[in-house]
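Biologist: Please take a close look at the aromatic ring pairs in this predicted model. Which rings link into a cluster, and where do they lie?

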Amino acid sequence: MNSEKLKKYVVWCNQRHQYYGAEDNVQNTKHFNSLEEVKDMLIDYHFDIDKEDHKALYKMAPIKIAEMFDWEVREV
């Protein structure tokens, strides 16, 4: 059995000065279990951008998406 702890993440919004977590109510301090969960949340959250730009997000790394929209991904 692998004893290495799994990494957990939260996302800080620099514009709103608050943490976002992985629950249905996106404004909480719960954690994400993977960077892929972070990526999914960021893509869902930014649904209102240009259609082609939105499609491009799926090809980007989660950290790059966060930086593009002025978010910070933090390990907890």
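Modeller: What follows goes through the ring cluster pair by pair.

The count for this predicted model comes to four aromatic pairs. One of these is formed by Tyr20 and Tyr45, whose ring centres are 5.7 Å apart; their planes stand at 80 degrees, over the 60 degrees required, so the pair is edge-to-face. Tyr20 belongs to strand 2 (residues 18–20) and Tyr45 to helix 1 (residues 35–45), so this contact ties together parts that are 25 residues apart in sequence. As for accessibility, Tyr20 has a relative accessible area of 1% and is therefore buried, whereas Tyr45 is partly exposed at 23%.

Tyr45 also pairs with Trp71: the centres of the two rings are 5.1 Å apart and the planes lie at 85 degrees, so this pair too is edge-to-face. Here Tyr45 in helix 1 is linked with Trp71 in strand 3 (residues 71–75), and the two are 26 residues apart, which makes this another link between distant parts of the chain. Trp71 has a relative accessible area of 4%, under the 20% limit, so it counts as buried.

Taken together, ring pairs link Tyr20, Tyr45 and Trp71 into a cluster. Tyr45 takes part in the pair with Tyr20 and in the pair with Trp71.

Definitions and conventions:
Residues are numbered from 1 along each chain as its sequence is written. This is a predicted model: local features need pLDDT of at least 70, side-chain atom pairs count only at pLDDT 80 or more; totals for chains, interfaces and linings use all residues. Side-chain values use heavy atoms; hydrogens and water are left out. Rings of Phe, Tyr and Trp (its six-membered ring) pair if their centres lie within 6.5 Å; planes under 30 degrees apart count as stacked, over 60 as edge-to-face and the rest as tilted. Helices (H or I, at least four residues) and strands (E, at least two) are DSSP runs, numbered from the N terminus. Buried means under 20% relative accessible area, exposed over 50%, partly exposed in between (1.4 Å probe, protein chains only).
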